[in-house]
Amino acid sequence: MAEAAVRAGCTFFAGYPITPQNEVPEYLSWRLPQAGGVFVQAESEVAAINMIFGSSAAGARSMTSSSSPGVSLKQEGISYIAGAELPCVIANVQRGGPGLGNIRASQGDYFQAVKGGGHGDYKLIVLGPAYVQELYDLTMRAFDWADYYRNPVMILSDGILGQIAEPLELTPYTPIVKLPPKDYILTGCAGRTPRVVKTLFLNPADGLVHHNDHLQEKYRRIEHELSLCEEYETADADIIIAAYGMSGRIAKGAVRKARRKGLKVGLIRPITLWPFPKEPFVRAARTASKMLVVEMSCGQFIEDVKLASECAVPVEFFGKGGGWYPMDTDILEIVESMQPCRSAPCATRKD
Amino acid sequence: MATFTRPDTLKDQITHYCPGCGHGIAHRIVAEVIDELGIREKTIGTAPVGCAVLMYDYFNVDMIECAHGRAPAVATGIKRVQPDKIVFTYQGDGDLAAIGTAETIHAANRGENITVIFINNAIYGMTGGQMAPTTICGQPTTTTPDGRGAHGEGGPIRVCELLSNLDGTCYLERTAVSTPKDVLATRRAIKKAFENQIAGKGFSMVEVLSMCPTDWKLSTQKSLEFVNNDLKKVFPLGVYKDR
Amino acid sequence: MDNQATYITIAGSGGQGIVVVGNLIARACVIEGKNASGWVAYGAEMRGGTANATVIVSQEEIACPFVETPDMAIMLNQPSLERFEGNIVEGGMVLLNTSMIQRPVERDDLKQVFLAATEMAHELGNLKVANIVALGAFIDHTQVVKMDSIRQAIGDLFASKNPKMVELNLKALDVGAANYKCEKVKG
């Protein structure tokens with residue numbers, strides 16, 4: 001992720017030490033200066049995100065990374081950055097919570113990431129990588145989408161993905177789209193009228209209403225344009241597992257095992273968590289008889305699955321918080337216990 | 001013959017500040033200095049949260065409005081990305097010495113090459129006169145009706161003294177805008193604080209004792225006397241660091 | 001256990017180079033076009049106790065990156081044996097560094113491979129290569145990846161750091177491959 005950021009032209013990083021993501025700032029502390037960028041170890045998470053606010057306003061591709069408790073602290077700054085429509089990339093290598101929790105992997109910050117987290121009506125583009133290569137690729141894309149939409153992008157990873165080692169192809173960076181010129185950044189007002197980057201709208205009285213309308217319009221556009229999802233063996237599946245990130249990847253193992261046993265099981269793994277890829281779930285609700293949500297949290301992601309599938313099929317749940325993770329064999333066992341009942345959809349199990 | 005005109009760095013705008021407030025004087029001094037040094041087109045200012053939050057409407061330079069107390073962190077981000085620009089923060093006492101204490105101390109300690117204008121009027125102005133970190137002992141506020149210190153509030157924080165211990169600071173001076181002589185001294189200090197940045201010398205801060213007649217519930221004349229007779233005793237004027 | 005994937009745990013104490021062993025196996029996989037995923041765990045007893053690396057080798061994309069029941073294990077010290085002996089899958093294999101492990105495994109369903117890796121490393125003049133000696137025996141016995149791929153991986157990994165280490169490690173690999181003893185599954 002850190003190397004992808006450098007290759008994507010990130011020239012400013014500020015962060016504060018927290019496990020399990022210390023490898024990122026440690027790497028960037030030497031790599032960024034080598035690439036002509038700036039690394040600052042901030043005095044706090046709050047300062048780090050505000051440094052990003054400044055560096056992004058000054059035109060640099062900017063990034064910060066942290067883990068759950070630290071990301072909570074950053075929420076103030078994230079709200080300002082979203083409100084001021086500045087691009088940046090924020091990585092959350094999630095760990096167990098609430099509170100100090102533990103340093104095992106978790107997906108407990110889903111709501112915080114996709115529903116807001118800080119104050120006010122704003123949205124982050126949220127990405128949920130499941131593989132090291134995907135983390136690398138998405139990090140590059142994150143910088144593009146941030147610039148393209150002038151919006152903060154969060155990479156919602158977890159402590160397992162943050163710590164595993166996998167072969168990685170260090171592909172070169174090429175922008176996905178022609179990026180718009182940064183005609184809003186602060187460079188000193190030589191030869192032009194001064195610019196102001198702000199989130200305060202006192203005048204006129206409905207100025208903030210208009211600003212919010214504008215933001216919402218942008219969010220609708222992003223929802224319309226951006227959607228990434230892996231669908232695996234869903235075409236003929238009776239049971240569809242919905243899971244993202246690490247639990248999505250583990251669920252894929254369960255699907256393979258189930259298929260070898262002749263069970264018609266498929267997987268939908270959203271990669272963009274906001275915008276949430278609704279269409280595959282709408283389709284799944286027509287073809288499958290049941291869904292199973294697997295998440296490393298206590299019932300957050302399932303809400304979006306239910307909304308996207310409009311509760312058209314029963315959705316069962318397998319998840320726990322606090323640093324727990326599922327094994328593919330556990331998921332398989334649950335899938336085996338779920339009786340498909342296509343003719344009369346019902347939520348009861350035949351035990 | 002010289003005429004008294006508006007500096008280029010100030011827009012033709014009527015400010016929202018109360019009669020007798022020191023912000024107008026401080027704004028004008030900063031603007032004059034920016035004009036004089038010829039740096040308007042390469043200056044980036046950061047606005048605080050507090051009475052000066054709308055200063056981006058008054059200053060004719062690129063500006064960013066920051067979250068409460070975070071201006072030194074934001075300024076760090078800007079200056080590190082564009083080291084050839086002149087970056088300043090303009091902060092009140094609640095912003096700089098309460099909610100933003102960590103950002104202030106650490107930006108100073110890193111020796112960020114920025115200029116900090118610290119307006120100390122010993123009260124929270126915009127929110128209606130609550131106790132500030134620099135409210136002096138015995139001073140009544142809306143949250144210390146019996147005067148500061150009666151109920152375990154502690155004493156005022158002296159920021160220049162505090163920061164003078166940090167190796168990263170280059171220049172620290174406390175001035176006032178309560179007499180013509182003080183205004184001239186403030187102008188000299190602020191000019192020096194900007195010159196230091198141009199010369200790449202590091203963190204420079206000017207703490208300006210200023211008036212808040214409205215929230216002190218004093219007349220404009222009595223407010224000047226409060227600065228001269230009371231605040232200056234607790235916050236002695238002078239240079240605390242110059243290297 | 002998937003037929004498609006092999007789960008390998010390498011356990012020892014911090015400083016015995018378990019991560020390097022995992023890294024080399026993973027690199028060999030890449031050379032052979034296989035998938036690999038690695039995971040390192042340090043216990044609270046990080047100094048002197050056990051630390052372990054897990055490598056999954058697979059023809060297909062690796063879904064679950066954890067292993068609760070490895071198929072194969074390389075045990076470099078006694079605490080590792082105590083801790084992981086019960087985890088190995090039924091009928092799996094274990095390689096024991098007899099220089100630092102006093103007894104064979106107590107289970108009778110496991111295939112056991114013995115070698116005095118630390119002593120052999122001592123004879124080679126560098127205790128640090130005990131891990132590579134063990135790897136040589138492990139690869140020769142299991143063929144989980146080709147020995148040539150490991151040789152190439154050693155070249156890739158050490159050449160940039162210290163070219164002299166390439167030669168020493170290749171030698172350690174050969175010594176391990178030629179000097180281990182197998183014990184058939186009992187009963």
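Mentor: We may. Bear in mind throughout that this is a predicted model. Let us begin with chain C.

Trainee: How many helices and strands does chain C have, and which pattern does chain C follow along the sequence?

Mentor: Chain C contains six helices and seven strands. Their order along the sequence is β-α-β-β-β-α-β-β-α-α-α-α-β.

Trainee: Why may one describe chain C as agreeing with a compact globule?

Mentor: One compares the radius of gyration with the value for a compact globule of equal length. For 187 residues that value would be near 16 Å, and chain C has 15 Å, so the two agree. The C-alpha trace of chain C spans about 45 × 40 × 35 Å along its principal axes.

Trainee: What share of the residues in chain C is buried, and what share of the contacts joins residues at least 24 apart?

Mentor: Of the 187 residues in chain C, 48% are buried. For the contacts, one considers pairs at least 6 apart in sequence; in chain C, 59% of these join residues at least 24 apart.

Trainee: Let us turn to chain A. Is strand β1 of chain A mostly covered or mostly uncovered?

Mentor: Strand β1(A), residues 10-15, is mostly covered, with six of its six residues buried.

Trainee: With which strands does β1(A) pair, and in which sense?

Mentor: To read a pairing, one notes the partner strand, the sense and the bridges. β1(A) pairs in the parallel sense with β3(A), residues 61-66, over three bridges; here Cys10(A) has Arg61(A) as its bridge partner. Between β1(A) and β2(A) the chain passes through helix α2(A), residues 23-34, in a right-handed β-α-β crossover.

Trainee: What is the general idea behind a nonpolar core?

Mentor: In soluble globular proteins, nonpolar side chains tend to be buried together. In this model the largest nonpolar core has 248 residues, and those with the most contacts inside it are Val89(A), Ile241(A), Ile117(B) and Ala134(C). Helix α6(A), residues 132-149, supplies the largest share of this core, ten residues. Domain 1 (2-186 + 213-225) and domain 2 (230-337) of chain A each give this core at least three residues.

Trainee: Which residues is Val89(A) in contact with, leaving aside its neighbours within four places in sequence?

Mentor: With those neighbours set aside, the contacts of Val89(A) are Ala5(A), Met63(A), Ala142(A), Phe143(A), Ala146(A), Val153(A) and Ile155(A).

Conventions. Residues numbered from 1 in each chain as written. Chains lettered and ligands numbered in written order. Predicted model: local features only at pLDDT ≥ 70, side-chain atom pairs only at ≥ 80, totals over all residues. Helix = DSSP H or I, 4+ residues; strand = E, 2+ residues; numbered from the N terminus. Rg over C-alpha atoms; globule rule 2.2 N^0.38 Å. Buried ≥ 20, exposed ≤ 12 C-beta atoms within 10 Å, placed from the backbone. Contact = placed C-beta atoms within 7 Å. Pairing = 2+ DSSP bridges. Right-handed = clockwise from strand over helix to strand, strands pointing away. Core = buried A, V, L, I, M, F, W, Y, C linked by C-beta atoms within 7 Å. Domains from an automatic or database assignment.
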